Amino acid sequence: RARFEVLDLLAAAAEGQTALLAYGAEPFVVAPLTSDAATIAAQVPDLETALLPVQGPKRTDLALEEAGNMLKRSGSPEGDIILVTADAERLEAVRSLVARLHDQGYRTSVLGLGTAKGAPVPLADGGFQTDAQGAIRLTRLRPDLLQDIADAVGWHYGPLAADDNDTRALLPGAGRNADRR
């Protein structure tokens, strides 16, 4: 489902530059900043956890930091970062980083994937991801935590929706919470 949402976001990216990061233990630049969203979209169907060069616990903070660094290196005085996830680890570090990015002109919105009940994480070749002990890994949506991240800077959190309202709400210029700069 995450792939479909990313494709929807890419299709709606009307102007400017877009990049795509995947992350696990470290962020991985799938596509650097480019105005060619179609090229990025062509890579999305092949995304899977096994492609990440470093395996290990997810580090949302490092992924957000890399996204901010990409925007800074581009010379962009402002920009939007859209985090697509079920939850975030190291909440204090993530909250602090989102606030720092906000102060630098970069807005972070969050699209929550999954359900509160949780579900196994599928592998591309069948089966499911397992943890270090061999148990099937479940991912659970943590809407309270994701809303907390967005609330830190007065920006947007939205859960996955069947229609395109979730995607449209994340795009620049959408009606979001008041910017508290």
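Reply: Glu 89 counts as partly exposed, because its relative accessibility is 21%; on this scale buried means under 20% relative accessible area, exposed means over 50%, and partly exposed lies in between, with a 1.4 Å probe and protein chains only. The model is a predicted one, in which local features need pLDDT of at least 70 and side-chain atom pairs count only at pLDDT 80 or more, while totals for chains, interfaces and linings use all residues. Residues are numbered from 1 along each chain as its sequence is written, and side-chain values use heavy atoms, with hydrogens and water left out.

Glu 89 forms a salt bridge with Lys 58, and their closest N and O atoms are 3.7 Å apart. This pair links distant parts of the chain, since Lys 58 sits in the loop between helix H2 (37–43) and helix H3 (60–73), whereas Glu 89 sits in the loop between E3 and H4, 31 residues apart. Helices (H or I, at least four residues) and strands (E, at least two) are DSSP runs, numbered from the N terminus. A salt bridge here is a side-chain nitrogen of Lys or Arg within 4 Å of a carboxyl oxygen of Asp or Glu. Lys 58 is likewise partly exposed, because its relative accessibility is 21%.

The loop between strand E3 (79–85) and helix H4 (91–103) also holds Arg 90, whose phi is near 55°, a positive value in a residue other than glycine. Most residues other than glycine have a negative phi.

Contact means heavy atoms within 4.5 Å, and Thr 60, Asp 61, Leu 64, Glu 65 and Gly 68 in H3 meet Ala 93, Val 94, Leu 97, Val 98, Arg 100 and Leu 101 in H4. The residues of this contact divide into six nonpolar, two polar and three charged, where Ala, Val, Leu, Ile, Met, Phe, Trp, Tyr, Cys and Pro count as nonpolar, Asp, Glu, Lys and Arg as charged, and the others, Gly among them, as polar.
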